[in-house]
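The sequence and the structure are shown first, and the description follows.

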Amino acid sequence: MWRPGEGRTKPFFPKGMEKPVHELGIASSILEIVTRAVEEKGLQRVTRLKVVVGETTAVVPDALSFAFEAISRGTCCEVAQLEIEERPFRARCRQCGEEFRVEEYRLICPRCGQRDAQMISGDELYVDHVEAE
Ligand SMILES: [Zn+2]
């Protein structure tokens with residue numbers, strides 16, 4: 001098992017490029033990243049991989065699974081089990097430090113009512129780890 005890229009938080013899409021998101025395009029990127037890594041390591045096939053998607057990326061996990069399964073036929077990822085972890089949109093208030101779940105993109109602190117909050121999760125889109133043999 002290893003983690004591609006420089007770490008868990010490195011997105012594989014640059015900021016600003018995530019809209020409009022198509023699961024097929026994302027699945028292709030995942031396959032490309034994983035295939036390259038597997039070839040570099042001289043391995044044959046991927047058994048498991050985990051992808052993390054944030055709520056604000058608008059990725060539908062089922063659609064992503066379906067797309068990945070379709071395009072991975074005949075590749076090193078054909079038998080891979082794809083796990084998708086969803087991360088909710090959460091923010092931290094810069095005034096009082098409260099951390100809260102953001103509903104309907106309203107960044108209003110439920111504790112102090114200020115609109116001065118910073119996103120702390122929900123924009124993730126990366127391959128978390130890969131297991132291959
Ligand atoms: Zn607050």
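Ala58 counts as partly exposed because 13 C-beta neighbours lie inside 10 Å of it; a residue is buried with 20 or more other C-beta atoms within 10 Å of its own, exposed with 12 or fewer, and partly exposed in between, the C-beta atoms being placed from the backbone. Ala58 belongs to the loop between strand E1 (46-54) and H2. The phi angle of Ala58 is near 60°, a positive value in a residue other than glycine.

Glu104 also has a positive phi, of about 50°, although it is not a glycine. Its place is the loop between strand E4 (99-101) and strand E5 (117-121). Glu104 counts as exposed, because it has 5 C-beta neighbours inside 10 Å.

## The model and its elements

The structure is a predicted model, in which local features need pLDDT of at least 70 and side-chain atom pairs count only at pLDDT 80 or more, while totals for chains, interfaces and linings use all residues. Residues are numbered from 1 along each chain as its sequence is written.

Two helices and six strands make up the elements of the protein; helices (H or I, at least four residues) and strands (E, at least two) are DSSP runs, numbered from the N terminus. Their order from the N terminus on is α-β-α-β-β-β-β-β. Of the 133 residues of the protein, 25% count as buried. Among contacts with a separation of 6 or more, 72% are between residues 24 or more positions apart; two residues are in contact if their C-beta atoms, placed from the backbone, lie within 7 Å.

## The helix pair

Helix H1 (residues 23-40) and helix H2 (residues 61-71) have axes that come within 8 Å and cross at roughly 55°. The axes are lines fitted to C-alpha atoms, for helices over the stretch in contact, and angles run from 0 to 180 degrees between N-to-C directions. H1 and H2 are therefore oblique to each other; angles under 35 degrees count as roughly parallel, over 145 as roughly antiparallel, 65 to 115 as roughly perpendicular and the rest as oblique.

On the H1 side, Glu23, Leu24, Ile26, Ala27, Ser28, Ile30 and Leu31 meet Ala63, Leu64, Ala67, Phe68 and Ile71 in H2. The residues of this contact of H1 with H2 divide into 10 nonpolar, one polar and one charged (Ala, Val, Leu, Ile, Met, Phe, Trp, Tyr, Cys and Pro count as nonpolar, Asp, Glu, Lys and Arg as charged, and the others, Gly among them, as polar). Leu24, which is found in helix H1, counts as partly exposed because it has 14 C-beta neighbours inside 10 Å.

The buried residues of H2 are Leu64, Ala67 and Phe68. Seen down the axis of H2, these buried residues fall within an arc of 100°, so they line one face of the helix; the arc is that of the directions from the helix axis to the C-beta atoms. Their cover includes H1 and strand E2 (81-87). On the other side of H2, Asp62 and Ala70 are exposed.
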